[in-house]
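Here's a quick tour of a protein model, written for someone just getting started. Have a look at the sequence and structure first, then work through the notes below.

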Amino acid sequence: MPAEAEGVDRVDGVERVDGVDRITAGREGELSPAARRLYAYAVERQAFTAAEATSALGARAGAAITELAAAHLLQRAAGPGPERWSAVAPRAAASRALAPLALLVRETHDEMDRLRGRLEALVPAYEAGAAHRDLSGAGRLELVTDLGAVRGLIAELVAGCEQELLTSQPGGGRPQETLEEAVGRDESLLARGVRMRTIYQHTARYSRPTAAYVERVTALGAQVRTLGDGLMRMLIFDQRTGLMAVPDRTGAALVVREPSVVHFMTAAFERSWLGARPFPTTVSPEAARSLSDELRQTIVRLLSEGLEDKVIARRLGMSERTCQRHIAEVMRAVGAKSRFQAGYLLAAAVPAEPEPGPGV
């Protein structure tokens with residue numbers, strides 16, 4: 001209802017509705033100027049009547065009396081004759097005003113205690129069920145599909161990591177925003193004395209943001225290497241907890257706490273680490289040519305397996321256009337006029353991998 005509605009008048013914090021005075025909240029609960037003047041008038045006197053206050057302060061004294069009485073700063077004085085008022089000390093007024101709130105707070109605390117008791121009564125059942133779940137192996141694999149939740153989990157695991165973080169990151173150079181999010185977190189990890197080893201793909205060497213990130217973390221003791229193919233995206237914390245990417249679920253991660261699976265992930269990382277090359281912050285022309293030759297050899301192998309361009313590009317961490325350029329160069333080198341012919345010629349040219357010997 002608007003303030004200008006018929007029958008409503010406002011005067012110094014008092015709203016008169018159809019002839020009845022009602023207190024309205026001033027700015028942040030402050031007293032109106034008229035109420036402040038009346039209170040100063042009241043504290044100088046033992047008691048006073050409304051007529052005396054009106055004679056001294058004007059027509060607004062009546063509304064001010066109502067306001068001060070509602071704030072417990074005025075009380076009716078005892079004695080015969082006309083109604084008289086006397087001032088109440090501010091601390092005493094505060095006690096009176098806060099008494100209902102104090103009661104409400106006590107009742108709220110009591111209700112909180114009752115609710116806590118009801119819920120804590122379920123703790124034994126929960127702990128017994130959790131123990132049974134751990135014995136059966138359930139709960140050691142958890143699928144997290146929300147990217148924000150995955151990032152929060154990574155931050156939590158990094159903060160709790162005490163010995164070593166192993167990271168395998170296929171896909172070439174990493175996005176600038178991802179590196180900016182990771183660098184501060186990883187520097188804090190290394191500053192605590194936690195070891196850190198990371199494997200990228202060779203194509204990451206040509207990414208300036210990735211090279212700058214590697215330069216910063218290696219200066220603090222991190223070790224970074226690159227590999228051509230065969231990487232799976234994963235993180236391993238203290239060889240106790242692992243995170244793996246989920247195929248065809250962008251932003252999702254599988255949290256692994258099963259010791260045997262984490263051990264398998266760690267062993268896979270170590271095999272990749274042995275075959276990887278150190279990541280230099282600068283790449284010489286000779287090293288670039290060497291990497292290009294290795295990339296082409298990998299493309300030859302994957303092309304001979306009949307894989308499509310986009311699959312090869314994804315596995316090597318490069319754009320599909322760059323991959324197609326390399327494939328065209330390979331086709332020219334073997335004199336192939338089609339991918340099918342190139343695959344046939346390359347399959348015949350690529351030597352078969354040796355059969356594993358006894359005991360392998």
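This is a predicted model: local features need pLDDT of at least 70, side-chain atom pairs count only at pLDDT 80 or more; totals for chains, interfaces and linings use all residues.

**Quick briefing**

**Salt bridges**

- Glu187 and Arg216 meet through their side chains in a salt bridge, with 3.0 Å from N to O. This pair ties together distant parts of the chain: Glu187 sits in helix H7 and Arg216 in helix H8, 29 residues apart.
- Arg216 is partly exposed too, at a relative accessible area of 44%.
- How many salt bridges does the structure hold? There are 14 of them.
- Another one joins Glu111 to Arg118, where the closest N and O atoms are 3.7 Å apart. Glu111 is partly exposed at 37% relative accessibility, and Arg118 is partly exposed at 48%.
- Asp238 pairs up with Arg240 in a salt bridge, and here the closest N and O atoms are 3.6 Å apart. Asp238 counts as buried, because its relative accessibility is 7% and the cut-off for buried is under 20%. Arg240, on the other hand, is partly exposed, with a relative accessible area of 48%.
- Some salt bridges share partners, and these join Glu164, Arg195, Arg197 and Glu270 into one network.

**The sheet**

- Eight strands make up an open sheet, and its order is E7-E13-E12-E11-E8-E9-E10-E14. The pairing in this sheet is mixed.
- Which strands stand at the edges? They are E7 (141-144) and E14 (277-278). Each has a single partner strand, so one side of each is left without a neighbour in the sheet.
- As background, strands of a sheet pair through backbone hydrogen bonds, and the pairing can be parallel or antiparallel.
- E14 pairs with strand E10 (residues 223-227) in the antiparallel sense, over two bridges. Look for Thr226, which stands opposite Arg277 in E14.
- Helix H6 (residues 147-160) lies across E7, strand E11 (234-237), strand E12 (241-245) and strand E13 (253-256). H6 runs at about 150° to E12.

**The nonpolar cores**

- The largest nonpolar core has 28 residues. Those with the most contacts inside this core are Leu189, Tyr200, Tyr213, Phe237, Leu243 and Phe279.
- Which elements give two or more residues to this core? They are H6, helix H7 (176-191), strand E9 (195-201), helix H8 (208-218), E11 and E13. H6 supplies the largest share, with five residues.
- Tyr200 touches quite a list of residues beyond its neighbours within four places in sequence, including Gln169, Arg174, Thr210, Val214 and Leu231. Tyr213 and Phe279 are among the contacts of Tyr200 as well.

**Arg205, a residue in a loop**

- Where does Arg205 lie? You'll find Arg205 in the loop between E9 and H8.
- Arg205 is buried, because its relative accessible area of 9% falls under 20%.
- The side chain of Arg205 makes a polar contact of 2.8 Å with the side chain of Thr226. That's the Thr226 that stands opposite Arg277.

**Two helix residues to look up**

- Ala69 is in helix H3 (residues 61-70), and Ala69 is partly exposed at a relative accessible area of 26%.
- Setting aside neighbours within four places in sequence, Ala69 contacts Leu74 and Trp85.
- From Ala69 to Val88 it's 19 residues along the chain, while their C-alpha atoms are separated by 9.4 Å.
- Ile312 belongs to helix H11 (residues 309-316). Is Ile312 buried or exposed? Ile312 is buried, with a relative accessible area of 0%.
- Leaving out residues up to four places away in sequence, Ile312 touches Ile299, Leu302, Leu303, Leu307, Cys323 and Ile327.
- Ile327 is 15 residues from Ile312 in sequence, and the two are 9.8 Å apart from C-alpha to C-alpha.

Technical notes: Residues are numbered from 1 along each chain as its sequence is written. Side-chain values use heavy atoms; hydrogens and water are left out. Helices (H or I, at least four residues) and strands (E, at least two) are DSSP runs, numbered from the N terminus. Buried means under 20% relative accessible area, exposed over 50%, partly exposed in between (1.4 Å probe, protein chains only). Contact means heavy atoms within 4.5 Å. Two strands pair if DSSP finds at least two bridges between them. Axes are lines fitted to C-alpha atoms, for helices over the stretch in contact, and angles run from 0 to 180 degrees between N-to-C directions. A nonpolar core is a set of buried Ala, Val, Leu, Ile, Met, Phe, Trp, Tyr and Cys residues joined through side-chain atoms within 4.5 Å. A salt bridge is a side-chain nitrogen of Lys or Arg within 4 Å of a carboxyl oxygen of Asp or Glu. A polar contact is a pair of N or O atoms within 3.5 Å; within protein, one must be able to donate a hydrogen and the other to accept it, and residues adjacent in sequence count only if both atoms are side-chain atoms.
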